[in-house]
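Reader: I am new to this structure and would like to go through it by question and answer. Please show it before we start.

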Amino acid sequence: MRYRESGRLDTSGISDRRGRGGMGGGRGIAVGGGGLGLVGLLIVVVLQLAGGGDGGTGAALGGLAGLGQGEQTDNTALEQRCRTGADANDSVECAVVADVESIQDFWTSVLGSDYVPTDTNFFSGSVQTACGGATSGSGPFYCPADQQVYIDLSFFDQLQTQFGAQGGLFVNAYVIAHEYGHHVQNLLGTNRQVRPGDSGPGSGTVRLELQADCYAGAWANHAETVPDDSGAPLIEEITQEDIDRALDAAARIGDDFIQRNLGSGTVDQDAFTHGSSAQRQKWFMTGYETGDPRQCDTFATDDLG
């Protein structure tokens, strides 16, 4: 994956809360959406199952509703480090800045005024959100109560060291695009189709996650042509190797792979909350090959793969 060297990066879609986070009381709303596979399966129920069960709540909460007492954001250093596409090619954090800009430009082109841009929050260790406190162990997640994405960038290293994924800038972009897929679901009300606590291979929770994978693939299809404010694409190239690496990651964050290799050693389909490795690969490729989010209606099919 390569970014346009001369492209200007816009950090306005990032809230840098690293070094300013902290745990604290929340609003009692489960963190929604979830990442591409969490470190501890025991916290999946808390962080994943209500992936939008409180979707309507977010509409009433804007900005940095989840900031704890005395907590603030400061993008000054990030703005200085992440100025151009050349910086994105050399820095993971700057690449995420570029990814967020491209992903949100894509969804604006698809949904028009129905798309409401939102922030991605960088944090380290722990963070307070409108959904309550979370730690790095939660993996990347989307909080419907404040309609924002949260990520400790160390997760990208963990994806390689603990899950054994090949990793790379495009895999990181896949992670971010998946979370913004949850934001789209929240805006469209799709998450209201999911019953909190639902699990299993055909559950609404799994369908929500697979749709987010598909949405990520749809963005990837258009990433090389989505224009930034200058009218030129910020992302210059996505290679077949990048796609292969994303599929490798998808295979390693399926419920069956995690249960077998990072959990009890046995596969319990009744506990599925994200879908199998094969399903995650299938729906990412459905989005990528068609480039059409309308083909991502996982709620309208009996064949999830």
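Reader: In helix α5 (residues 154-161), which residues are buried?

Author: This is a predicted model, in which local features need pLDDT of at least 70, side-chain atom pairs count only at pLDDT 80 or more, and totals for chains, interfaces and linings use all residues. Residues are numbered from 1 along each chain as its sequence is written, and side-chain values use heavy atoms, with hydrogens and water left out. Helices are DSSP runs of H or I with at least four residues, strands are runs of E with at least two, and both are numbered from the N terminus. Taking buried as under 20% relative accessible area and exposed as over 50%, with partly exposed in between (1.4 Å probe, protein chains only), the buried residues of α5 are F155, F156 and L159.

Reader: Within what arc do the buried residues of α5 fall, seen down its axis?

Author: The arc is taken from the directions from the helix axis to the C-beta atoms. On the other side of α5, D157 and T161 are exposed. The buried residues line one face of the helix, because they fall within an arc of 105°.

Reader: What covers the buried residues of α5?

Author: Contact here means heavy atoms within 4.5 Å. The cover includes α4, β7 (148-151) and α6 (169-188).

Reader: At what angle do helix α4 (residues 92-111) and helix α7 (residues 204-222) pack?

Author: Axes are lines fitted to C-alpha atoms, for helices over the stretch in contact, and angles run from 0 to 180 degrees between N-to-C directions. The axes of α4 and α7 are 10 Å apart, and the packing angle is about 95°. That makes α4 roughly perpendicular to α7, a term for 65 to 115 degrees.

Reader: Which residues of α7 does α4 meet?

Author: From α4, the residues taking part are S102, I103, F106 and W107. Their partners in α7 are Y215, A218, W219 and H222.

Reader: Is the crossing of α7 and α10 left-handed or right-handed?

Author: The axes of α7 and helix α10 (residues 277-290) come within 6 Å and cross at roughly 35°. A crossing is left-handed if the near helix is turned anticlockwise from the far one by less than a right angle, and right-handed if clockwise. The crossing of these two helices is right-handed.

Reader: What is the relative accessible area of H178?

Author: H178 lies in helix α6. Its C-alpha atom is separated by 8.8 Å from that of Q211, 33 residues apart along the chain. H178 is buried, with a relative accessible area of 0%.

Note on methods. Parallel < 35°, antiparallel > 145°, perpendicular 65-115°, else oblique.
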